[in-house]
Amino acid sequence: MASSLSNCFVAAPSHSSLTPSIRPLQHLINYKPFETNLCPIPLLLKLRNPKFTSVQTRATLDEDAQISTTPSLLLEEQKQLSKEVEESVRVLKNAAKTRKVPAEEILQAFSVIEKAKLDPSRFLETLGGTKSPGNTWMLIFTAQKKLDGGKYFPITAIQRFDAAGKTIENGVYLGPLGCLTFEGRFSWNKRILAFIFERIRIKVGPLNPFEFNLKGKDEREPSNKDPFFIWFYIDEEIAVARGRSGGTAFWVRCQRIGN
């Protein structure tokens, strides 16, 4: 869940930075909502053997950087790092597809991606889309603080981020048993998404859902004093972030069928 992930601030990129190329998502993971006569609520997520495309990355230098005919050590290091990030992304996408990649390989991929300090300028748009209701993501794997172990998330957990409306929804879905969702607002600063949950919705079996407010009206902007995610990588298929409590996780993009 969102509040269980960890707290860590990421240093700003240096004069030369890595920027991942983004290729369109070809196949999304779909889940269908469980519908009642009065209020359709998504309860069941169905995987349909998504095919993930490889993500290409490239190292770039600032325009003011002087380019020598002899490759510099820094440039060579950037190229090597770019290859490592690309391979790490492949590992995570394979893990999302098969859920069979060993935890040690996922933890190593997390480490490489975190250290790369990729350019976050397009992260929010990719994470939350350009219009409401935003984009939906399924939690795949969670790691402990300092990447000291981790495991595939055992139940269906879905997060929805709406960049246009600055809203967040975090839900756990238990098939015909019901679902539990939290809704709130978020703020964005570079790569940090801080959020406040304001409402909770509960649905049990075939009964109509009910909801209530978690606290009184609070118009303040979410800040680093609230739960937050620090995002290290986001493309059209997967996203990697660390939470306030120190744990790292990754999600795969999924799509609702119907409302």
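A salt bridge is a side-chain nitrogen of Lys or Arg within 4 Å of a carboxyl oxygen of Asp or Glu. The model shown is predicted, so local features need pLDDT of at least 70 and side-chain atom pairs count only at pLDDT 80 or more, while totals for chains, interfaces and linings use all residues. Residues are numbered from 1 along each chain as its sequence is written, and side-chain values use heavy atoms, with hydrogens and water left out.

**View 1. Glu114 and Arg242 form a salt bridge**. The closest N and O atoms of Glu114 and Arg242 are 2.4 Å apart. Glu114 lies in helix H2 and Arg242 in strand S13, so the pair ties together parts that are 128 residues apart in sequence; helices (H or I, at least four residues) and strands (E, at least two) are DSSP runs, numbered from the N terminus. Glu114 is buried, with a relative accessible area of 12%, and Arg242 is buried as well, with a relative accessible area of 12%, where buried means under 20% relative accessible area, exposed over 50%, and partly exposed in between (1.4 Å probe, protein chains only).

**View 2. Helix H2 spans residues 103-116**. The 14 residues of H2 reach 20 Å from the first C-alpha to the last, which is close to the 20 Å expected at 1.5 Å a residue, the expected span being 1.5 Å times one less than the number of residues. Among the buried residues of H2 are Ile106, Leu107, Phe110, Val112 and Ile113. Lys117, which follows H2, has a positive phi, near 55°.

**View 3. Asp235 and Lys93 meet in a salt bridge**. The N to O distance between these side chains is 3.0 Å. Asp235 lies in the loop between strand S12 (228-234) and strand S13 (238-243), and Lys93 in helix H1 (residues 73-98), so the pair ties together parts that are 142 residues apart in sequence. Asp235 is buried at a relative accessible area of 2%, and Lys93 is buried at 4%.

**View 4. Arg185 and Glu198 form a salt bridge**. Their closest N and O atoms are 2.7 Å apart, and the pair links distant parts of the chain, with Arg185 in strand S9 and Glu198 in strand S10, 13 residues apart. Glu198 counts as buried, at 17% relative accessibility. Salt bridges that share partners join Glu183, Arg185, Glu198, Arg199, Arg201 and Glu211 into one network.

**View 5. Ring pairs link several aromatic residues into a cluster**. The members are Phe161, Phe182, Phe195, Phe197, Phe229, Trp231 and Trp251; rings of Phe, Tyr and Trp (its six-membered ring) pair if their centres lie within 6.5 Å, and planes under 30 degrees apart count as stacked, over 60 as edge-to-face and the rest as tilted. By this rule the count comes to ten aromatic pairs. The rings of Phe195 and Phe197 have centres 5.1 Å apart and planes at 55°, so this pair is tilted. Phe195 is buried, with a relative accessible area of 1%, and Phe197 counts as buried at 16%.

**View 6. Leu177 and Gly205 lie in two loops**. Leu177 is placed between strand S8 (167-173) and strand S9 (178-189), whereas Gly205 is found between strand S10 (192-204) and strand S11 (210-213). Although these residues are 28 residues apart along the chain, their C-alpha atoms are separated by 4.8 Å. Leu177 is exposed, with a relative accessible area of 63%, but Gly205 is buried, with a relative accessible area of 10%.
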